[in-house]
Amino acid sequence: MILADKLIELRKKNGWSQEELAGQLGVSRQSVSKWESGASIPDLDKILKLSSLFGVSTDFLLKDSEELSPPEPEQPGSAVDASDPVRVFTLAEANEYLSLVRRASGKIALGVALCILSPTLLILFGALSDKEGGYALPEAVAVGVGLPVLFVMVAAAVALFLLFGRPLEQYEFLDKEPFELAYGVSGIVKKQRDAYAPTHAVSLVAGVSLCILSVIPLLVSAALSEDGMAVVIGVLLLFVLVAGGVFLLVRSCCIQGGFLRLLEEGDFTREKKFETKQSEPLAVIYWCAVTAVYLAVSFYFMNWHRSWIIWPVAAVFYGVVLGIAGLVRRGR
């Protein structure tokens, strides 16, 4: 049970309204309402007054617990945790971090979508250059226009990553180091996570559905028409639907990831942080090698509308590489 729920239960046990409790503490009813909704936490002075008023310890009020019963006092001479002190994350820092994540999530998701869409014009112009008739484009024009647009879109995506990812660099320790949330902060973050859960679920379903359904335009165009241009249109629609689905997935997972980082849950537990830290050099080497292969193959064969397949294959194979690396580490 978190602080907000304890305040509600303790107030009701004493038969007080929010106005009556606020009067005894010398605050407004709105302040009590915010405490009980988890929108804010009382300052230290008010915590002390609440402790005295309800006859419970400050530890009981501030430490999350499952039941509404004061914890037993610590016995003299009990063992003290001798581990090194870790950084304490305050409510203000948590709110600032989550606000930055929300602002950056849409821009980062847009950058990923731009990367996916970047080869579409080159594919279209490449198809037109192969087409006979009045709509045919010279190959030099197709490459001369399509390739610069590809690089412009990728450059725009990188700019979004840098501009909106840079403010989050100060919080990189959340991915790598253990930390503690200040009293009451964990409960507030959990409430925000639970409030966002329905939106996250809808985004996941919509994003995955768009990615799965993206193949339908390609299958329909290939089945209904023998014209190669119809198939190209199907491919372009596939890219658009995948970009839309990935946008929803990346944006929502960035926000959800912010909650999980603060709560050290999911892929951000302390054990997994240690594993991730060990895998960082491998990730850098692997993705640099994949990028080099992609650029070499694409420029050598000038087959940009097919070479993109390297990225999803590399992403799947990366999981295999990490699994093997994990087995090797455990074997040691």
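Predicted model: local features only at pLDDT ≥ 70, side-chain atom pairs only at ≥ 80, totals over all residues.
**View 1. The largest nonpolar core.** This core has 39 residues. Phe89 is among those with the most contacts inside it, together with Tyr97, Tyr171, Leu174, Val189 and Leu262. Two or more residues each come from helix 6, helix 7 (120-130), helix 9 (173-176), strand 2 (179-181), helix 10 (185-213) and helix 12 (228-263). Helix 12 gives the largest share, 12 residues. As background, nonpolar side chains in soluble globular proteins tend to be buried together.

**View 2. Helix 6 against helix 8.** The axes of helix 6 (residues 91-117) and helix 8 (residues 139-165) come within 8 Å and cross at roughly 160°. Angles over 145 degrees count as roughly antiparallel, so helix 6 is roughly antiparallel to helix 8. The crossing of helix 6 past helix 8 is left-handed. On the helix 6 side, the residues that meet helix 8 are Arg103, Ala104, Lys107, Ile108, Leu110, Gly111, Val112, Leu114, Cys115 and Leu117. Their partners in helix 8 are Met153, Ala156, Ala157, Leu160, Phe161 and Phe164. Sorted by class, this contact has 13 nonpolar residues, one polar residue and two charged residues.

**View 3. Ser105, a buried serine in helix 6.** Ser105 sits in helix 6. Why does Ser105 count as buried? Its relative accessibility is 2%, and buried means under 20%. Apart from neighbours within four places in sequence, Ser105 is in contact with Arg251, Cys254 and Ile255.

**View 4. Ser203 and Ser252.** Ser203 belongs to helix 10 and is buried, with a relative accessible area of 8%. How far apart are Ser203 and Ser252 in sequence and in space? They are 49 residues apart in sequence, while their C-alpha atoms are 6.4 Å apart. Setting aside residues up to four places away in sequence, Ser203 touches Ser252 as well as Leu248 and Leu249.

Methods
Residues numbered from 1 in each chain as written. Heavy atoms only, no water. Axes fitted to C-alpha atoms, helices over the stretch in contact; angles between N-to-C directions. Helix = DSSP H or I, 4+ residues; strand = E, 2+ residues; numbered from the N terminus. Parallel < 35°, antiparallel > 145°, perpendicular 65-115°, else oblique. Left-handed = near helix turned anticlockwise from the far one by under 90°. Contact = heavy atoms within 4.5 Å. Nonpolar A, V, L, I, M, F, W, Y, C, P; charged D, E, K, R; others polar. Core = buried A, V, L, I, M, F, W, Y, C linked by side-chain atoms within 4.5 Å. Buried < 20%, exposed > 50% of the residue type's maximum accessible area, 1.4 Å probe, protein only.
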